[in-house]
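Subject: Structure for you to look at

Hello,

Here is the structure I promised to pass on. Please open it alongside this note; what I found follows below.

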Amino acid sequence: MRKVSLVLIFLFFSVAVKVKAQSNNQNTWTYTYLKAANGQKENLKIFLKKNWFAMDSIAVRQGLFNDYELIENISKNDSLTWDFIVAVEYFTTGTYTDIAEKWQAISKAHKTININGLSFKDLGKIVKSETVQNKSDIKYSAQCIGEQFEILRPFLGDWEEYIVEDGKEQLFGRLIISLSTEGCCLNKKFLLYNRSGSYLTSGYYDPAEKAWIETFMFRNGNYTKYKWVVEGKDVVMVRIASSSKSDYLNRNRWTNITPDSFDILEERSYDLGKTWKVFSTTKLKRK
């Protein structure tokens, strides 16, 4: 399925949960606070995406970082002490010290892209940095049991996604598929490598349809909804609703499923489903 930039509005599907199992899991983040020079906030944001995040995406691909985010201060207060936070999630509590050598190699290989002829020192400055941990003493274990959840099991996990064209594979993104522990919701998180682009989705099991329903919500306010259908050994995501019109039907066939890989064939029909043709192919390999 072709990837486009989008922002998801999460749906929430509530089911019973079991509580109070102790957990020692910790996520370690470094927060770098930045203040833009006068009138340069948007240029600073562009600089961060084209430079810092370009390197961060490589670090994610190499397994140095787990994730990264840009947090923007939208307050209108003129006395703001910061405009952005660049947040980086590490796999270990040692954070940067554990990956310094490999990070330096990424940094040296990157060619800095100035914005409108302005370098970082012209656009802003770092005002502080801090390391934080998100720890929960209570682990909620959802009762995700039953046949309806088994359809999801082969696809849960962390995947690298490749475009397949003319028999050649080109790595272009990372896809994480999970069931939320709070409510057994189906969640996807996609990160596009090397250029800006990501998406999130949320899905729930509809007892009336006897199928999973998954919703994508786009930045422009449009939405698309899919229904999961089992066809033999394949799972087919069939588009059942969309706020934007198209002259074709769309479905995404998840096929050639193994414990460590599967293919997604985007299929289109221009004759109301009588015939289908493959529009694009992607391969997912477990990280």
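How many helices and strands are there in the protein chain? There are four helices and 16 strands, taken as DSSP runs numbered from the N terminus (helices H or I, at least four residues; strands E, at least two).

Two notes on reading it. This is a predicted model, with local features needing pLDDT of at least 70 and side-chain atom pairs counted only at pLDDT 80 or more, while totals for chains, interfaces and linings use all residues. Residues are numbered from 1 along each chain as its sequence is written, and side-chain values use heavy atoms, with hydrogens and water left out.

**The chain overall**

The protein chain has 287 residues, and 41% of them count as buried. Buried means under 20% relative accessible area, exposed over 50%, partly exposed in between (1.4 Å probe, protein chains only). The exposed surface comes to about 16500 Å², with carbon and sulfur atoms supplying 51%. Those areas come from the Shrake-Rupley method with a 1.4 Å probe; for residues, only the protein chains shown count as cover. Take the contacts with a separation of 6 or more: 55% join residues 24 or more positions apart. Contact means heavy atoms within 4.5 Å.

**Cores**

The largest nonpolar core has 27 residues. Such a core is a set of buried Ala, Val, Leu, Ile, Met, Phe, Trp, Tyr and Cys residues joined through side-chain atoms within 4.5 Å. Trp 212, Trp 228 and Trp 254 have the most contacts inside this core. Elements giving it two or more residues include β7 (157-165), β8 (168-179) and β15 (261-269). Strand β8 gives the largest share, four residues. Another core lies apart from it, with 23 residues, among them Ala 36, Leu 44, Tyr 68 and Val 86.

**Aromatic rings**

I get 17 aromatic pairs. Rings of Phe, Tyr and Trp (its six-membered ring) pair if their centres lie within 6.5 Å; planes under 30 degrees apart count as stacked, over 60 as edge-to-face and the rest as tilted. Trp 228 and Trp 254 make a tilted pair, 5.3 Å centre to centre with 55° between the planes. They sit 26 residues apart, Trp 228 in strand β12 (residues 223-231) and Trp 254 in strand β14 (residues 249-258). Trp 228 counts as buried because its relative accessibility is 4%. Trp 254 is buried too, at 2%. Trp 254 also stacks with Phe 262, at 5.0 Å and 15°. Phe 262 has a relative accessible area of 0%, so it is buried. Phe 155, Trp 159, Trp 228, Trp 254 and Phe 262 form one aromatic cluster.

**Val 235**

Val 235 lies in strand β13. Its relative accessibility is 6%, so it counts as buried. Beyond four places in sequence, its contacts include Phe 155, Trp 228 and Trp 254. Val 235 and Asn 252 are 17 residues apart in sequence, and 8.4 Å apart C-alpha to C-alpha.

**Charges over rings**

Arg 251 has its charged end over the ring of Trp 276, 3.9 Å from the centre. Arg 61 lies over the face of Tyr 193, at 5.1 Å from the ring centre. The rule: NZ of Lys or CZ of Arg within 6 Å of the ring centre and within 35 degrees of the ring normal.

Best wishes
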